[in-house]
Amino acid sequence: MGHCMAQAGHRVLLVDADSQANLTRCLPAVAPTKNLTQVIDHKATLLDVMQPVGPNLWLVAADESLVVAEKGLGADLAYPLLFKKALKNLAAHIDYVLIDSPPAPIPP
């Protein structure tokens, strides 16, 4: 979906918020030192870690460090606002943000 939107001329940011990192793996290789964990740990912004993966298309990568970062988020009262704050300053750079979230268990 993101690729099609980018081809249509929209500036699209893909955020891989799943520690399995399937989205990250299926796109062109990006620097492993820039990833979503840095944003969660307040060491970088989305603008700092987003990397181009095509025309009008950027990725915020996931890696195995996201597992540990996610565990710490559960205790953080600001967790529900994490993405709201992180996305706040992107409007001048990005038209759409697509977030690949981790799978959730289906209740019985």
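Analyst: Strands β2 (residues 51-54) and β3 run antiparallel and are joined by three bridges; strands count as paired when DSSP finds at least two bridges between them. Helices (H or I, at least four residues) and strands (E, at least two) are DSSP runs, numbered from the N terminus. The model is a predicted one, in which local features need pLDDT of at least 70 and side-chain atom pairs count only at pLDDT 80 or more, while totals for chains, interfaces and linings use all residues. Residues are numbered from 1 along each chain as its sequence is written, and side-chain values use heavy atoms, with hydrogens and water left out.

Two of the bridge partners can be named. Gln51 stands opposite Leu59 in β3, and Pro52 has Trp58 of β3 as its bridge partner. The two strands form a hairpin with two residues between them. Asn56 lies in that loop between β2 and β3 and has a positive phi of about 60° although it is not a glycine. With a relative accessible area of 29%, Asn56 is partly exposed; buried means under 20%, exposed over 50%, and partly exposed in between (1.4 Å probe, protein chains only).

A positive phi also occurs at His42, where the value is near 60° and the residue is again other than glycine. His42 sits in the loop between α3 (36-40) and α4 (46-49), and it counts as exposed because its relative accessibility is 64%.

β3 (residues 57-60) also pairs with β1 (residues 12-16), here in parallel, through four bridges. In this pairing Val12 faces Leu57 of β3. The whole sheet is open, with four strands in the order β2-β3-β1-β4 and mixed pairing. β2 and β4 are the edge strands, each pairing on one side only. From one strand to the next the twist averages 30°, with axes taken as lines fitted to C-alpha atoms, for helices over the stretch in contact, and angles running from 0 to 180 degrees between N-to-C directions. Along the sequence the elements follow the pattern α-β-α-α-α-β-β-α-α-β, which comes to six helices and four strands.

A nonpolar core is a set of buried Ala, Val, Leu, Ile, Met, Phe, Trp, Tyr and Cys residues joined through side-chain atoms within 4.5 Å. The largest such core has 18 residues, and Leu13, Leu36, Val39, Leu46, Met50, Val60 and Leu90 touch the most other members. At least two residues each come from β1, α3, α4 and α6, with α3 giving the largest share, three residues. A second, separate core holds eleven residues, including Ala6, Val12, Val30 and Ala61.

Contacts (heavy atoms within 4.5 Å) show how individual residues join these parts. Leaving out residues up to four places away in sequence, Leu46 touches Leu36, Val39, Val60, Ala86, Leu87 and Leu90. Ile94, in the loop between α6 and β4, counts as buried because its relative accessibility is 7%. With the same exclusion of residues up to four places away, Ile94 touches Arg11, Val12, Leu13, Met50 and Trp58. The C-alpha atoms of Ile94 and Trp58 are separated by 9.1 Å, although the residues are 36 apart along the chain.

Arg11 also takes part in a salt bridge, with Asp95; the closest N and O atoms are 2.9 Å apart. This pair links distant parts of the chain, 84 residues apart: Arg11 is in the loop between α1 (2-7) and β1, and Asp95 in the loop between α6 (82-87) and β4 (96-100). The rule asks for a side-chain nitrogen of Lys or Arg within 4 Å of a carboxyl oxygen of Asp or Glu, and by it the count is one salt bridge. Arg11 is partly exposed because its relative accessibility is 26%; Asp95, at 38%, is also partly exposed.

For the chain as a whole, 36% of the 108 residues count as buried. Of the contacts with a separation of 6 or more, 73% are between residues 24 or more positions apart. The accessible surface is about 6,800 Å², and 61% of it belongs to carbon and sulfur atoms; accessible areas come from the Shrake-Rupley method with a 1.4 Å probe, and for residues only the protein chains shown count as cover.
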